[in-house]
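Thanks, everyone. Please look at the screen, and I will walk you through one protein chain.

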Amino acid sequence: MAVQKFLLKTGVQDLVYAPVVKDDKEGFETGVPKQLVFVASLSKSKEINVEAIHYDNKEMRKLVSEGDVETSIDSSVLPLHVKAELEGKLIDEDTGAVLDNGVGRAVYFAVGYKAKYYDNEDKEQFLYVWHAKGTFDVTEEEYNTEEGTDTEKTGQSFTYHSMRTVHEFDFKGEKHTGKVITADSASGLIDEDKFFAQVMTPENIGTAKSLI
């Protein structure tokens, strides 16, 4: 029997994002990934719905459906132009000022990051993650007046709501929508630089394969 490794999560880093420019039956396209913000913590949760199906007064099977993934992020403060981009607000080219008309609109982004962990040999490893599509909720902002040298310097909290793509990818001969791709550095099969050079999908994940 294979020996199971003892693993502990320790950190998260290198949070990146890329705009989703096309997602329909014909294709899926994104912009070039770039740094989003310096991240302090990240937590994910998703809703799982389980429905029991009964026949002849007996439970015959269960139907399981998975909801969207909600990712809560604590970070340094988002630069003004980045926050505006995430919220779909207009930026005045002459002054850099954000022009907010109070009308919300959905803007979609792919998000990637590295989650660090250690195994029982105290070896540093990473999980490489790409969420294919989602929206940002940047609603929490807090400012306090300064109180001398002991004034607390705060960052920002916001939420990323990931969802399945509209486009169905050709994956091993089957058609599936995209949602999340996760790879493990411990496998030695993934080149980290290639994994984050573009948004990974079921169709292009082979381009991230390590040649070592």
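Among contacts between residues at least 6 apart in sequence, what percentage join residues at least 24 apart? In this chain it is 60%. Keep in mind that this is a predicted model.

Now the parts list. The protein chain has 2 helices and 13 strands. It holds 212 residues, and buried residues make up 32% of them. The chain exposes about 14200 Å². Carbon and sulfur atoms supply 50% of that area.

Let's start with a helix. Helix α1 covers residues 80-87. Which of its residues are buried? They are V82, K83, A84 and L86. Here is a general point about helices. An α-helix has 3.6 residues a turn, so residues three or four places apart point the same way. Just after α1 comes G88, with a positive phi of about 70°.

Next, the cores. How many residues does the largest nonpolar core have? The number is 18. L15, Y17, L36, L78, L86, F136 and F158 have the most contacts inside this core. Which elements give two or more residues to it? They are β1 (8-24), α1, β8 (109-118), β9 (124-137) and β10 (156-162). The largest share comes from β8, with 3 residues.

Zoom in on F136. Set aside its neighbours within four places in sequence. Then F136 is in contact with L36, L86, F109, V111, F158, T159 and Y160.

Now a charged side chain. D23 is found in strand β1. Is D23 buried or exposed? D23 counts as buried because its relative accessibility is 15%, and the cut-off for buried is under 20%. What does its side chain reach? One partner is the side chain of K133, in a polar contact at 2.7 Å. Another is the backbone nitrogen of V166, at 2.8 Å. Leaving out residues up to four places away in sequence, D23 touches F28, K133, T165, V166 and H167.

T165 is on that list, so let's go there next. Where does T165 lie? It sits in the loop between β10 and β11 (168-171). T165 is buried, at a relative accessible area of 4%. Its side chain has two backbone partners to look at. A polar atom of the T165 side chain lies 2.8 Å from the backbone oxygen of H167. The T165 side chain also reaches the backbone nitrogen of G178 at 2.8 Å. Beyond four places in sequence, T165 is in contact with D23, F28, A132, K133, T177 and G178. Now take V180, 15 residues from T165 along the chain. The C-alpha atoms of T165 and V180 are separated by 10.0 Å.

Last stop: empty space. Rolling a probe the size of a water molecule over the atoms shows where empty space is left. How many cavities of 30 Å³ or more are there? The count comes to 1. About 50 Å³ of space lies in the largest cavity. Its lining is W130, A132, F169, G178, K179, V180, I181, M200, T201 and P202. Two strands, β9 and β13 (180-184), each supply at least two residues of that lining. Look back at T165 for a moment: its contacts include A132 and G178, and both residues line the cavity.

That's the tour. Questions, please.

Notes. Residues numbered from 1 in each chain as written. Predicted model: local features only at pLDDT ≥ 70, side-chain atom pairs only at ≥ 80, totals over all residues. Heavy atoms only, no water. Helix = DSSP H or I, 4+ residues; strand = E, 2+ residues; numbered from the N terminus. Buried < 20%, exposed > 50% of the residue type's maximum accessible area, 1.4 Å probe, protein only. Contact = heavy atoms within 4.5 Å. Areas by Shrake-Rupley, 256 points an atom, 1.4 Å probe, with all protein chains shown as cover. Core = buried A, V, L, I, M, F, W, Y, C linked by side-chain atoms within 4.5 Å. Polar contact = N/O pair within 3.5 Å; in protein donor to acceptor, adjacent residues only side chain to side chain. 1 Å grid on protein atoms, 1.4 Å probe; cavity = no way out; pocket = protein on both sides within 12 Å on 5 of 7 lines; lining within 4 Å. Points joined across faces, edges and corners; volume = space filled by probe spheres on them.
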